[in-house]
Amino acid sequence: MKVTCLSKGSGFHFPPCHILDVSGFRILLDCPLDLSALTIFSPVSPSPKMEEEEQTYDFAVNNCLDMRKRQKILKSLICAQPWYKTPNNLHLWDPSSIDLVLISSTMGMLALPFLTQTKGFSAKIYATEATTRLGQLMMEDLVLMHNEFQHFYGSDSGSPQWMSWEELELLSPALRQVALGKDGTELGGWMPLYRSTDVEDCVKKVQTLKYAEEAWYNGTLLIKAFSSGLEIGSCNWTINSPKRNVAYISGSKFHPVHAMEFDYHALRGNDLILYSDFSSEGVLTNDEHYNNFPASTTYNSSTPRDCSTDNDDRILKECLLRNDESLEEREKVAFICSCAVDSVKAGGSVIIPLNQLGIVLQLLEQIPVYLESSAMKVPIYVISSVAAELLAFTNIIPEWLCKERQEKLFSGEPLFSHPELMKGEKLYVFPDVNSPELLTSWQEPCIIFSPHWSLRLGPVVHLLRRWRGDENSLLVLEDGLDTDMALLPFKPLAMKVLQCSFLSGIRLQKTQPLLEILRPKVVLFPEDLREQINISSSHSFPVLYYAENETLDVPKSRGNVDLEIASNLATQLSWRKLDHDDDMDIARLGGQLFIDGGKHQVLSGNKVSDKPLLHWGFPDVEKLLAALSKMGVKGSVEECMSDDAESGSDGIVHIHEPSKALIEVRATRTVISARDERLASLIFEAIGTLTDGI
């Protein structure tokens, strides 16, 4: 088995990407896009009329704005139709060599159309139903937002000018590092965006799975998806093969607010765990709230292997759930709500281009409550080409929601409150900023949810240009974005900016207790996290560390494979004991080998020849010469001493008639050298009469 980490990613928006070679099959684990790299491009310039309105507004607010300075800022970015950055080195792998693709989340799906439209790609693709649908909506929205660039710059033809080395050298060091990577090798990962037809064709090739549904690939690999708790539909994978059972842990959350919680029970007892949750890298230094909790977790690994589930639950509560992460998330959501209310009270508007669906759903429920408690009637707009479909879909996917939401379904209540908010005219959904319905109902101040979180695409660009000079307005951003670079096209910026960090994976303090409970035989762990977490030497499993852009060979875990033999064949086996091994018997088996459902079976097939296929023993050269003489073969013996004293004498038989041949009889092997094929068969037959065989 081999594991290659193509990219460790960068949190929720850009999950890790791996190539896994197991049991002769090549598996691609997730296929994301690094959309944060879009910040090196300049957003589409406004129309002359809009530019004039912006300039008038800027002068009114800032008295005398140096427009030449602003134009210089815009020129520091790449003014061209954006290309999109795929995982590093993925383009170097032959797509036809990939047998299987497993998608863990919506963000891990965004680069998939690049693969499915590639010549030679024929891999089977698996994802959960919810991830597939949400990923499709996200990709369709991305294509529609990108169309604005196509209308402005025209269609791409070949490699763009900005990718030439002359142009790249003119970029600032920060932009050049995003374009080329730290080691200057990532330029080949940039691709022009796919089309809507490519998205449609891609989704048709995805086989959707329900929760814990079994899927057999080639009758050998058993694939299952279990909730990771990260988002609605996000999952971890188990891959059972004849030689090794593997669990893949992506970004996971123990207590999500809306999604089904992390199902760690289903990952227990596997031969190997590929731990791929990089989201907590650097959390200990960046999040002061958790600085009081050491990264090194003390855990008693002497817990019996056969301990009960109740004992596991007790350990889980003590070691893994000591910090209420859902409470922390709710507190952050409450803080955003209070800041939004403060802004609209001051007469400003609020822009929320967040990407995490779970956070957006919480804000859509909580902001109206805060507004009502403040006796304020402020419209909430959701502006996106797929907003209506996305919000409708969240009310029909109870399988991947938490128990609290599922109980609402059984009681006849809506899973989420946004349908009632829309009926009560507190929430409005529009496909575009230029929608006639939006223009007729437009009211300020207001609160707007709109893509894109990179601040380069979609309605958010136009909204930022409208309110960037209003010191009472508020922009809410997610962590994981270079804020200085993202806001560069909108400077000078007077509006307030609130950047929030939401946990999108397992905290480092919980990693070792989790792995001890899962009880794997081997753990593959990120090299980048080795120094941030002290995995105790008393753990009951070996740990192998993998690094980005390196291939790790994993030792075999199982030496044998179970084989089922048809009863009619088993009764015909004639066992022989090996002379040099009293503990081993050997028999000849004839039939057809089938592999189905991960099981190896031998069934009745074509009749096998009765001639022995395997011989063992040391033939006496004198007896061999006598046996050959009876067959009309004449020769002589040449004695020689073996280099190995324990092996005794070796013999060489020279054959003279009917043609020349040579027989070398050694302690461990006998070699026949003859030009005449018939003569070689006679010699082989003679040796067979002097040795055991089956």
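**Buried helix and aromatic pairs**

Biologist: Happy to look at this predicted model with you! Which residues of α16 are buried?

Modeller: Gladly. In this predicted model, the buried residues of α16 are P459, V460, V461, L463, L464, R465 and W467.

Biologist: Why is helix α16 described as largely enclosed by the rest of the structure?

Modeller: The helix covers residues 459-467. It is largely enclosed because, of its nine residues, the number buried is seven.

Biologist: Let's take one of them. What is the angle between the planes of F41 and W162?

Modeller: The two ring centres are 5.3 Å apart. The pair is classed as edge-to-face, with planes at 90°.

Biologist: How many residues apart in sequence are the parts that this F41 and W162 pair ties together?

Modeller: F41 sits in the loop between β3 and α1, while W162 sits in the loop between α4 and α5. Both F41 and W162 are buried. The pair therefore ties together parts whose separation in sequence is 121 residues.

Biologist: And in which strand is W190, the partner of W162 in another pair?

Modeller: W162 and W190 are edge-to-face, at 5.6 Å centre to centre and 85° between the planes. They are 28 residues apart, and W190 lies in strand β7.

Note on methods:
Residues are numbered from 1 along each chain as its sequence is written. This is a predicted model: local features need pLDDT of at least 70, side-chain atom pairs count only at pLDDT 80 or more; totals for chains, interfaces and linings use all residues. Side-chain values use heavy atoms; hydrogens and water are left out. Rings of Phe, Tyr and Trp (its six-membered ring) pair if their centres lie within 6.5 Å; planes under 30 degrees apart count as stacked, over 60 as edge-to-face and the rest as tilted. Helices (H or I, at least four residues) and strands (E, at least two) are DSSP runs, numbered from the N terminus. Buried means under 20% relative accessible area, exposed over 50%, partly exposed in between (1.4 Å probe, protein chains only).
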